[in-house]
Structures are given as C-alpha cells and as structure tokens.
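Let's take a walk through this structure, one feature at a time. Have the viewer open and follow along.

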Amino acid sequence: MGITIVQKSNLAQKKVNPKIALVLAGGAVSGGAFKIGGLKALNDFLVNRKLTEFDMYLGLSAGAFLAVPLAGGINPEEMLASLDGKSKKFSQLSPFELYDPNYKEFFLRPLKYLWGHLGYFPGVWFDLIRSLPRLKNDLVPHVLSFVREPNYSNYEQLTKPFLKVAFSTRTIPAFGELIPSGIFDNKKLESYLRFNMRRNKMPNNFRVLKKMTGKSLYIGAMDLDTSERVIFGPDEKNDISISEAVQASSAIPGFYKPARIKGVDYIDGGVRKTANIDLAFEKGADLAICYNPFRPYANKIFLEYMREENKYITRNKRLSDWGLGTVLNQAFRTLFHSRLQTGMENLRNDPNFKKDIILIEPKEDDSDFFTMNPMFFWNRAKAAKLGFDSTCQSIQKHYAQIAPILNSYGIQLTNDVVNQDLSQIRKSSYDDQTIMDVLEKDHKSTKPLKVIRGGRN
C-alpha cells in the first residue's frame with residue numbers, strides 16, 4: 001500500500017542516457033505540505049541523482065507550485081524551510097497570499113445585479129411604448145378576438161407581441177450572476193512565485209528555462225470555457241510566463257476565481273487530469289516517478305446486527321457521521337485516485353508500453369492525513385511530517401521492487417539518511433519546530449553513504 005509500480009522495461013539492461021520525469025499531482029494546501037515532506041524523504045533515499053537533477057518536471061495545481069522550484073534547482077529541504085520562514089532562497093508563503101479575498105467580485109457583482117434589476121423594468125416599458133406604432137396592426141385583431149372569445153389561446157396571441165418585445169432586447173440578470181466565481185483570488189500566489197524566481201535568477205519563461213538548464217517543465221491547466229486540457233511548456237503553449245501558468249493551474253474551482261490570463265479563463269488542471277503521466281511518456285520519458293497525495297480512505301466498518309431493534313449498528317464512526325465536508329473529501333479523493341489507477345492499468349496492459357512508473361501515494365489507512373482540512377494552512381508542519389513518514393514507510397516496504405528499477409536507470413539508493421532522520425524525529429517528542437529542523441537538514445555534506453544496489457536493506 002502507498003506504492004503502485006508498473007514495470008515493463010528490461011531491468012537486466014542498463015539504460016543509456018535515460019530520461020527521468022517527476023510527475024506531481026495536485027493536493028491543495030495541506031496536500032502541498034504533505035508532498036514536500038514526501039519529496040524530502042524520496043530525495044534522502046537517492047544517492048547519485050537527486051530530485052533537482054531529473055530531466056523533466058510535470059505538475060498541476062499544488063504540484064505545479066512545487067515543480068517550478070525543483071526544476072530551478074531548489075531542493076526539498078529549502079522548500080520545507082520556506083514553510084516556516086527559514087529558507088535563504090525562498091521567502092515564506094503566508095496566509096495572506098493563499099487567502100486573498102476576491103474583493104472585486106464580492107463588491108461589483110451585487111451592484112451589477114441590482115443595477116440590472118433596477119434598469120430592467122423601466123427599459124421594458126420604454127421598449128413597449130417605442131414599439132406600439134409597429135405593433136398596432138397586429139394588436140387590434142388580437143384584441144377583438146379576445147373580447148369576442150376570452151379564452152387562454154386568444155389571451156396568449158394577444159400578449160405574444162408584447163412578450164416578444166420585452167424579452168428579445170433585454171435580459172434580467174440571473175440569480176447565479178450575483179454569486180462570485182470564487183471566494184479567493186490566487187493572483188498573489190503568482191506574484192509570490194514570480195518574486196522568488198527572480199530572487200533565485202530563475203527564468204520565468206519555459207523556453208529559456210529549457211535552454212539554460214536542459215530541463216523541461218510542463219504545467220497542466222483547464223480552459224474553463226472549452227473544458228479542454230491546456231499544457232504549458234517549452235514545446236507546448238508558452239505565450240504566458242511560468243508563474244502565470246502556475247496561477248492558471250492552481251485556480252481550484254470555487255475556492256479561487258478562474259485565473260483570467262490574456263483573455264482566457266483557466267481553472268485547476270486536476271479537473272481534467274489527476275496527473276500528467278501520459279504527457280511524460282509522450283515527451284520521451286523512460287521512467288516516471290509520480291506523487292499523488294490524495295487517495296480515498298479505507299474506513300473499516302464492523303457491523304453488528306441488533307435483533308431486538310432489527311437494525312445494524314457499528315461501534316466506530318462512519319465517514320458520513322463527520323458531515324458533508326468529509327463525504328465530499330472522500331468522493332473527490334476517490335475520483336482522483338481511481339482515474340489515476342485506470343490510466344496506470346491501461347499502460348500496464350499495453351503491450352507496446354516498455355517503460356516504468358513508480359506511483360507514490362499515502363497509505364489507504366492514513367486517517368491523520370485524511371482528516372486534515374485540505375485548505376488549512378496552519379497544519380503545514382504536521383502535514384510535512386506525515387508526508388515524510390508515509391513516503392519513508394512505503395519506499396522501505398517496497399524497497400526490493402523499487403531498487404532494481406532505479407538501479408537499471410543508474411540511480412542508487414540508500415536507507416542511511418532516512419533512518420537517521422526518522423530516529424531524530426522520534427526522539428523529538430514530535431514538537432513541530434524540532435520536526436521541521438530535522439526535515440530541513442540538507443545531507444549533502446554528510447559522510448559517504450552506504451549504497452544499496454539491490455534487494456531490501
């Protein structure tokens with residue numbers, strides 16, 4: 001549990017100049033922190049090729065927000081340090097950037113709605129009066145017919161010319177137009193990312209990034225009006241900046257208003273795709289390592305039949321007992337997870353597919369992460385720690401399968417660093433600050449690591 005593997009290549013054959021892709025799905029706010037902790041764990045397992053040294057980065061929503069710094073050479077330790085303001089490279093992301101109210105629409109939409117209603121009826125009367133000379137020839141016969149025989153059909157014929165004038169030239173605003181298109185505006189997230197890219201001398205252009213670093217960055221979004229998937233990248237759509245593409249990709253429907261960029265309304269890329277694994281292989285990747293923080297929770301229910309009352313009861317809580325939020329949380333996690341698993345299964349059954357996928361997800365019984373509000377900023381330290389633990393346990397459990405795959409691509413693994421961090425975290429009494437200090441530690445300068453080339457440690 002926690003790791004899904006599709007292994008179709010010949011592991012006995014060492015790959016020559018293989019292309020490695022890191023594919024990052026969405027995850028909202030807490031899922032983003034969870035994913036940074038997981039990326040830290042994955043990075044600690046890798047010896048000779050770190051996450052910042054891959055060939056291709058594909059992200060959507062929160063995954064897009066993390067793919068950019070990785071593509072620019074910012075390691076997970078720095079990304080973790082930015083959560084509590086201790087990074088020297090990335091400034092701290094604050095709630096003011098995440099929760100910037102959509103002031104403009106909250107103010108202007110009610111005014112526009114009210115003005116539309118106030119102006120509608122006087123405008124209709126004006127149109128009717130102006131149209132009377134044109135209508136009188138049709139009106140007189142209908143009036144006479146109605147007087148002679150006052151039934152509904154004649155009444156309908158009498159009123160039809162008026163209704164045609166009233167509704168053909170003016171429309172009354174619908175109630176839905178009163179409601180803003182999103183609670184918050186994610187424009188400040190774009191500004192935050194743009195500022196930090198400039199601070200680290202990272203080009204804010206897909207083609208320039210590819211030319212300078214040799215790395216390909218792809219970000220997925222959805223065009224709201226056409227519902228089509230949009231891919232931004234060096235050889236895809238690149239008429240907007242990288243930071244604007246992240247803004248487009250992370251516009252979570254309802255939570256953020258659609259990101260209108262160069263006249264196009266974009267929303268969260270996760271609406272169309274859980275992850276862009278298919279795109280990774282389309283662009284030439286040989287191995288895709290995918291991280292999806294959202295999967296459904298397996299709530300084990302033990303039913304008891306009460307014969308006297310003729311009903312079933314359970315001693316533990318059902319998910320519906322936690323309310324609508326939990327029901328929707330489970331529903332959306334199931335949608336994202338099953339869609340991703342279906343895509344993986346299709347590749348597994350494709351006889352022409354000869355490449356490899358390693359998918360990392362939370363364990364299905366991870367209740368701590370499941371019950372965490374996806375939009376809550378203040379759980380970031382706990383989410384990062386859970387992500388680190390989850391990925392460590394999953395990789396260690398599947399070490400015997402993962403190590404040979406990565407070794408065939410020239411990537412060596414070790415358990416030493418992860419075990420060292422886990423030991424320090426367990427001694428820390430689990431206080432947030434100590435945990436973050438451990439996770440933010442960069443192990444580049446530690447003593448030579450013991451490399452494990454196959455089998456489980």
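Helices here are DSSP runs of H or I with at least four residues, strands are E runs of at least two, and both are numbered from the N terminus. Before going on, a word on provenance: this is a predicted model, so local features need pLDDT of at least 70 and side-chain atom pairs count only at pLDDT 80 or more, while totals for chains, interfaces and linings use all residues. Residues are numbered from 1 along each chain as its sequence is written, and side-chain values use heavy atoms, with hydrogens and water left out.

Back to α3, which covers residues 76-83: 8 of its 8 residues are buried, so the helix is largely enclosed by the rest of the structure. "Buried" means under 20% relative accessible area, "exposed" means over 50%, and "partly exposed" is in between, with a 1.4 Å probe and protein chains only. The buried set runs through P76, E77, E78, M79, L80, A81, S82 and L83.

Now for the charged contacts. How many salt bridges does the structure hold? There are 17 salt bridges, each one a side-chain nitrogen of Lys or Arg within 4 Å of a carboxyl oxygen of Asp or Glu. Take D55 and R49, whose closest N and O atoms sit 2.7 Å apart. R49 counts as buried at 15% relative accessibility, whereas D55 is partly exposed at 23%.

Another pair is D100 with K188, at 3.8 Å from N to O. D100 is in the loop between α4 (95-98) and α5 (103-148) and K188 is in helix α7 (residues 187-199), so this contact ties together parts that are 88 residues apart in sequence. D100 is buried, with 12% relative accessibility, and K188 is partly exposed at 38%.

D278 and R229 make a salt bridge too, with 3.2 Å between the closest N and O atoms. This one links distant parts of the chain, 49 residues apart: D278 belongs to helix α10 (residues 277-282) and R229 to strand β6 (residues 229-232). D278 is partly exposed at 31% relative accessible area, and R229 is partly exposed at 27%.

Next, a hairpin. β11 (residues 303-306) and β12 (residues 311-314) pair in the antiparallel sense over 4 bridges; pairing takes at least two DSSP bridges between the strands. L303 stands opposite T314 in β12. The hairpin has 4 residues between its strands, and N310 takes a positive phi near 55°.

Finally, look at α11. L328 is found in this helix, which spans residues 324-348, and is partly exposed at 41% relative accessible area. L324, V327, L328, F332 and L335 form a nonpolar surface patch with about 460 Å² of accessible area together. Patch members have over 30% relative accessible area and no salt bridge, with like charges joined within 9 Å and nonpolar side chains (Val, Leu, Ile, Met, Phe, Trp, Tyr) within 5 Å. The areas come from the Shrake-Rupley method with a 1.4 Å probe, and for residues only the protein chains shown count as cover.
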